[in-house]
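I wanted to look up how the two chains sit against each other. My notes follow the model.

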Protein chains: 2
Amino acid sequence: MKIGELAALTGVSVRSLRYYERQGLIQPFRQDNGYREYSPLAVNTVETIKLYLNLGLSTEEIAGFLHCVLKNKEAFCAEVMPLYRSKLEEIERQLTELNQIKRNLQDRMASILQEQQNEEE
Amino acid sequence: MKIGELAALTGVSVRSLRYYERQGLIQPFRQDNGYREYSPLAVNTVETIKLYLNLGLSTEEIAGFLHCVLKNKEAFCAEVMPLYRSKLEEIERQLTELNQIKRNLQDRMASILQEQQNEEE
DNA sequence: CTTGACCCTGACACCAGTGTCAGGGTTTAT
DNA sequence: ATAAACCCTGACACTGGTGTCAGGGTCAAG
């Protein structure tokens, strides 16, 4: 199938499909006229890419193990667990940071409301 | 004082001080030779900017109320509360998203470990 | 044969604050 | 007077996936 069809089937823009190719995530054949020709399996590949992108992995990280998980179960791919672990740590860090900011914001808002009430009295 | 001194006193790079100026956050005088001349109060201004940047506000947002909070208590500046509210909502959204990713990651990791244990048996 | 719908590549824009370099002036201390 | 340490402006890079435009081929239906 051509790139437009794949885009329609997966909900991924043509632009992004070409980007994934440049990042080494998917390698369509080329027709004589230069058009990309995708196998029907490409739908699955793209869905898999979407899944990992939604997990917060970068295309570069995904490129490191995609060929493996497309052929085997995830548990079989040694590259995956360390990546998940470090990504989880990163998320934890971000959560900690966001929670600090949140608490800080809430404290400041509470102070302001407090002062405004004092003002009204 | 000159820009290098202010940078040393506040821990903010010279580059960033010039950026803050361009964003309208601070307006030093200029000496005849073109050098920026900062009042001693600029230290306080920069510390205040740092505080709001750490709350996740952008320089553009800070520019909207900085002149007010430098003269008055925060509670007096009407611009602040709405900004805090929307920033808090944004943080909540990010927290929700990160927590979803975190849960998703943990589930996948658990599945992998499970399968690997089954394998060993 | 023409029109419209596709396809191709390459390139700029975005977010936002910071680093860094180029190219050039000023000041200060030796 | 010379060198070191500052200062100035302007500009590019970075992050990373996506939108979008320019400029140009291809193909299918009328």
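I count a salt bridge when a side-chain nitrogen of Lys or Arg lies within 4 Å of a carboxyl oxygen of Asp or Glu. I looked up Lys73(B): it forms one with Glu115(A), with the closest N and O atoms 3.3 Å apart. The rule finds 6 salt bridges across the interface of chain B and chain A.

This is a predicted model, where local features need pLDDT of at least 70, side-chain atom pairs count only at pLDDT 80 or more, and totals for chains, interfaces and linings use all residues. Residues are numbered from 1 along each chain as its sequence is written, chains are lettered from A in the order in which they are written, and side-chain values use heavy atoms, leaving out hydrogens and water.

Next, contacts (heavy atoms within 4.5 Å). I found 30 residues of chain B in contact with 30 residues of chain A. Chain B and chain A bury about 3,000 Å² between them, 75% of it on carbon and sulfur atoms. Buried area is the accessible area (1.4 Å probe) lost on putting two parts together, summed over both. Leu105(B), Arg108(B) and Met109(B) supply 19% of what chain B buries against chain A, more than any other three residues.

Then symmetry. I superposed by least squares on C-alpha atoms of residues with pLDDT of at least 70 in both copies. A 180° rotation with 0.0 Å of shift along its axis puts chain B on chain A, RMSD 0.1 Å. That is the relation of a two-fold axis. Leu95(B) comes closest to the axis of the residues of chain B, at 3.3 Å (C-alpha).
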